[in-house]
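I opened the model to look up a few points of its architecture. My entries follow.

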Amino acid sequence: MSAESRGENPITALGRQVWGSIFRHGLPVSDKVAARTALTNFFLHVHPVRVKRSAIRVSYTLCLGGLSFFLFILLTISGLFLMFYYVPSTNQAYQNIQDLQFVATFGLLMRNLHRWAADAMVITVWLHMARVFYQGAYKPPREFNWAIGTLLLLTTLLLSFSGYLLPWDQLAIWAITVGTNMAKYAPIVGPFTHYVLLGGRTVSQGALIRFYVLHVIALPLVGFVLMVIHFWRVRKDGFTGGL
Amino acid sequence: MATLTGPTGPGTGAGAQGDGGRGDGARGAAVGSRPPVVRPGVSGPELAAAPLVVRRVEEEETVVTFPTLVWKEFLAGLGMFVLLLAVSVQINAPLLQIANPAITPNPAKAPWYFVGLQELLEHFPPVMAGVMFPTFVIVGMLVTPYLDRNPSRRPQDRKVAIVMFTVYLCLAVTFVLVGQLFRGLGFNWDWTQIFGHPGLQSPY
């Protein structure tokens with residue numbers, strides 16, 4: 001039945017067509033409609049259509065994995081805004097951070113959000129690991145996904161560590177100096193690793209650009225790929241739940 | 001009422017259910033909106049050594065992830081966002097003077113999550129604290145699922161694993177807290193960092 005024969009206003013009919021072409025199934029009024037939406041929606045496809053009730057109980061998962069992912073998204077978005085103002089140069093970086101704090105609209109809020117979300121993500125990822133361990137959820141068939149999770153924890157720490165240098169204040173260079181000095185202690189490869197990491201023997205311009213590139217491109221990409229595999233395996237390996 | 005089904009698995013008390021015969025409910029469910037297909041006797045390669053789990057029959061019930069799970073995730077994300085906004089409005093991210101390689105702050109500390117390693121350096125030779133311990137922890141975590149041959153997921157069957165992991169967690173948290181809160185000038189022990197000093201101005 002066409003819109004005209006229903007006596008519908010053509011504008012309303014067009015609106016209905018546009019809306020319907022984007023959202024195919026309407027509100028999830030029944031399990032059947034909801035399932036159809038989940039099956040055809042790109043974003044919802046990260047989840048299986050149905051899952052055991054016990055597997056998604058909040059008291060079981062504590063939402064920690066989901067929260068870690070949420071924080072990663074929040075950090076990507078707030079980090080993007082910070083990148084509009086930040087130049088990774090020892091002559092400009094500190095000034096840019098001050099501009100963000102005192103000049104740019106919502107710059108202070110974005111920097112604060114980025115900083116506290118980063119600390120929160122280190123904590124949620126850590127707690128997620130503890131949760132999974134205590135529930136024995138790493139046991140077969142999920143051994144490999146636990147290993148991926150370990151790498152994600154390392155990536156999170158390295159992301160936070162590389163970001164620590166960027167404000168180029170006293171806190172930044174000395175924390176990185178202390179942190180990277182530990183690399184020197186490795187036998188044989190230690191001094192070389194230290195040199196490659198910093199692009200020199202001290203924390204200076206070479207280190208700043210390296211940490212910047214790692215922080216905004218390399219490590220987020222590594223984290224993204226690992227996350228995709230992690231989520232995929234969560235689906236494919238099946239869910240635990242109900243100890 | 002916990003109604004228990006399935007064969008009693010070896011090594012556990014009466015009432016434990018072998019997961020192998022049944023498989024994960026969600027696997028069957030993943031292909032569509034149908035309830036999970038129960039195939040007795042049929043198991044994938046991963047189910048041959050499946051963990052022994054006590055399951056309540058009513059918990060095998062499945063739900064649609066959209067909107068049930070998505071709604072929970074939304075609320076959790078919203079709660080976290082509001083919390084972070086509140087913190088961000090109240091507390092500014094730290095920013096000290098511009099970097100100066102000529103002036104070493106005292107104490108110079110690593111970021112808080114690495115301060116535990118810095119604290120270890122106080123007690124062990126650098127090659128142990130800075131290289132061997134972290135490597136051991138990372139490799140240990142990676143191989144944990146392959147070393148742990150205990151198939152059970154029940155806490156009462158996993159006392160050794162749980163105690164070991166808890167000791168590790170407590171040590172890690174303690175070292176971070178000590179390094180962060182109780183180390184003052186020259187990274188020496190300093191109660192006044194936290195508790196202050198009667199009659200003295202804190203140097204910080």
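The model is predicted: local features need pLDDT of at least 70, side-chain atom pairs count only at pLDDT 80 or more, and totals for chains, interfaces and linings use all residues. Residues are numbered from 1 along each chain as its sequence is written, and chains are lettered from A and ligands numbered from 1 in the order in which they are written.

Along the sequence, I read chain B as β-α-β-β-α-α-α-α-α.

I checked burial next: 22% of the 204 residues of chain B count as buried (20 or more other C-beta atoms within 10 Å of the residue's own, C-beta atoms being placed from the backbone).

I then looked up contacts (C-beta atoms, placed from the backbone, within 7 Å). In chain B, 53% of those with a separation of 6 or more join residues 24 or more positions apart.

**H3 against H5**

I looked at helix H3 (residues 115–123) and helix H5 (residues 159–181) of chain B, whose axes come within 7 Å and cross at roughly 80°. Axes are lines fitted to C-alpha atoms, for helices over the stretch in contact, and angles run from 0 to 180 degrees between N-to-C directions. H3(B) and H5(B) are therefore roughly perpendicular (65 to 115 degrees).

On the H3(B) side I noted B:Val115 and B:Leu120 among the residues in contact, and on the H5(B) side B:Phe175 and B:Val176 among them.

Definitions and conventions:
Helices (H or I, at least four residues) and strands (E, at least two) are DSSP runs, numbered from the N terminus. Angles under 35 degrees count as roughly parallel, over 145 as roughly antiparallel, 65 to 115 as roughly perpendicular and the rest as oblique. Two residues are in contact if their C-beta atoms, placed from the backbone, lie within 7 Å. A residue is buried if 20 or more other C-beta atoms lie within 10 Å of its own, exposed if 12 or fewer, and partly exposed in between; C-beta atoms are placed from the backbone.
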